[in-house]
Amino acid sequence: MVYLAEFHWGWLAGSLLLGFAMGWIAVVHRGRGVTKRVMQVLSIFVAALVVAAVTHVVPGRFGYWLDLGLAMFGAYLVGCAIGSWLRDMVVSRQAASGEPPGRS
Amino acid sequence: MRGLFRWSSKWWPGVIPLVILWALAAWTTTGPLEADLSAHADAALKGSVLDKTTISAAGRDITFSAEAFSEQERSSALASVEAVPGVRLVNDHTALVAEARPFVWTIERDVGKVTLSGNAPLPVVRNKLLDAARAIFSGIDIADHMNLSRGAPPRFETAAALLIGEIGKLKTGKATMSDMTVTLSGMARELGGREAIAAALKNLPEGYSVTNDIHAPPYIFEANKDPVAATLTLTGYVPDNAVHAAIVASAGRKFGEKVVDKLKASLGAPAGFDAVVTRALGSLSRLSTGRLVVSDRDVELSGDALYDAAARQLRADLPKDLPRGWQAKLEVSVKPAAAPVDPAVCQQLFADLLGKRTIQFETGQATLDPDSIGLLDRLTETALRCPTATIEIVGYTDSDGDPSFNQTLSERRAQAVVDYLVKAGMPADRFKPVGYGSAQPIASNDTDEGKAKNRRIDFIVRQ
């Protein structure tokens, strides 16, 4: 993992930033999110992929690409979480000071 | 936390550019990653002794194939590759190097090429043997057909290096080591090469056995008797300085002529060489003109005997006297008989012969010394030239010892000479043996030189 992080730090940083941007937008986005049911299915799918990666059942380059994809997805999720959390903090502060939400 | 869950339902649009990013990352990093992991795996195997090593990467998985020289080496190499950072899986295609039974190694020298083949235990040993061969056969093409195998005998490298050195002494040849049995064949470059190699192979490590089938150029000794120049020329080889001196001294006693010594000392003489050469020189001394060639264990004697009976005796005696394994080839003819002379000339001829040399006997006995046989043949030839003369054979001794013993000894010695002459085919009544003991000395008996002169046989021709 350390080797992957060192070798692909640029791509992981890009995924983190992408996630940060998406998380920032998601707090004030008014569209509909995915349903709980879809979330569960996606979570199970991702968990299955993680299990496949950990158990090394996918051989060769496909195995590497799976590891890379999961690492980038993980960085994306972290970025999303940080982005949403920070944006929520900004929105909450603005709401407390009387400014209309959705603008910063 | 609930907020995070709510917001996460709206994170999915970012997955689309993330997938694009992932595809780009996979596209651009796969090659460099595989190259990086292969290089690190190669570096991790630097200290391992392996054969036929190949490393290939597919993603983060390494396919590692190699042949190791021990199970410990194999598992250690595998662990080194598995420990390379970033490697996910190692596909283990390693095995142990095949074991050779028997473990055979060969070096073969042709005229312009040296070939090393068979089995070598380790790459480093193989390289050392090649280096040793290059050092010894500089300028000659070295072909390496060695395979790496397990199962080498103890101290293989020492034994093989020694054999490379010894094959360097051959014109052409081959050395094969099968486990601890060494077989050498071929032709040595120099006389004595076989013996030199046999001596060197005694330094093989303990437990090794050797079959030496090396041949060397023939070991030649040659003696040419030239009656015109009155010389005996010795050429060729003798085993050492002691034998050299003994042969030259023996030739001096047998021939009484000038010995031209061109002998050289060299190893490689067949067993019994000095005894055979001494015996064959005795036969040569009976020829008027002749040549003796001793080549390995073949003795060739050619020339002219002084009379018929001498030729017959030579043909019969020399082959019989040679040790087992020696061959004699005689081409002895008889010198045309010299013209008869009157008794006075005959007497002069006897005096000339006995003036230069004396007939020798065993000390205190009446047995003719083999060194005097050439002189006796010349005396016989002279006696044959005056067939009508009666000859008195007179024996004398020095003054040492009892006078009656000396008297008897001188008579017996004179009789021994008569017997020799009769054996040559002349009638016994032509010869009268007489002994005077120590009477009638011709020199002082006070010195060894004088005594030697007094111990003599004289031929006196009676009408």
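Biologist: How many helices and strands does the secondary structure of chain B come to?

Modeller: This is a predicted model, where local features need pLDDT of at least 70, side-chain atom pairs count only at pLDDT 80 or more, and totals for chains, interfaces and linings use all residues. Residues are numbered from 1 along each chain as its sequence is written, while chains are lettered from A and ligands numbered from 1 in the order in which they are written. Helices (H or I, at least four residues) and strands (E, at least two) are DSSP runs, numbered from the N terminus. For chain B they come to 13 helices and 19 strands.

Biologist: And what share of chain B counts as buried?

Modeller: A residue is buried if 20 or more other C-beta atoms lie within 10 Å of its own, exposed if 12 or fewer, and partly exposed in between, with C-beta atoms placed from the backbone. Of the 463 residues of chain B, the buried share is 35%.

Biologist: Which element of chain B gives the most to the side that touches chain A?

Modeller: Contact here is C-beta atoms, placed from the backbone, within 7 Å. By that rule, 27 residues of chain B meet 33 residues of chain A. Two elements of chain B give two or more residues to that side, helix 1 (2-8) and helix 2 (15-44). With 9 residues, the top contributor is helix 2 of chain B.

Biologist: Over on chain A, how many residues of helix 3 are buried?

Modeller: Helix 3 (residues 36-54) has 19 residues, which at 1.5 Å a residue should span 27 Å, and its end C-alpha atoms are 26 Å apart, so the two agree. The expected span is 1.5 Å times one less than the number of residues. This helix of chain A is hardly covered, and its count of buried residues is 0.

Biologist: Back in chain B, what is the handedness of the crossover from strand 6 to strand 7?

Modeller: Strand 6 (residues 113-120) and strand 7 (residues 141-148) of chain B pair in the parallel sense over 8 bridges; pairing takes at least two DSSP bridges. The chain gets from strand 6 to strand 7 through helix 4 (residues 123-136) of chain B, and this β-α-β crossover is right-handed.

Biologist: Is B:K335 buried or partly exposed?

Modeller: B:K335 sits in the loop between strand 16 (327-334) and helix 10 (343-356) of chain B. Leaving out residues up to four places away in sequence, B:K335 touches B:S288, B:D304, B:A305 and B:L306. Because B:K335 has 17 C-beta neighbours inside 10 Å, it counts as partly exposed.

Methods
Right-handed = clockwise from strand over helix to strand, strands pointing away. Contact = placed C-beta atoms within 7 Å.
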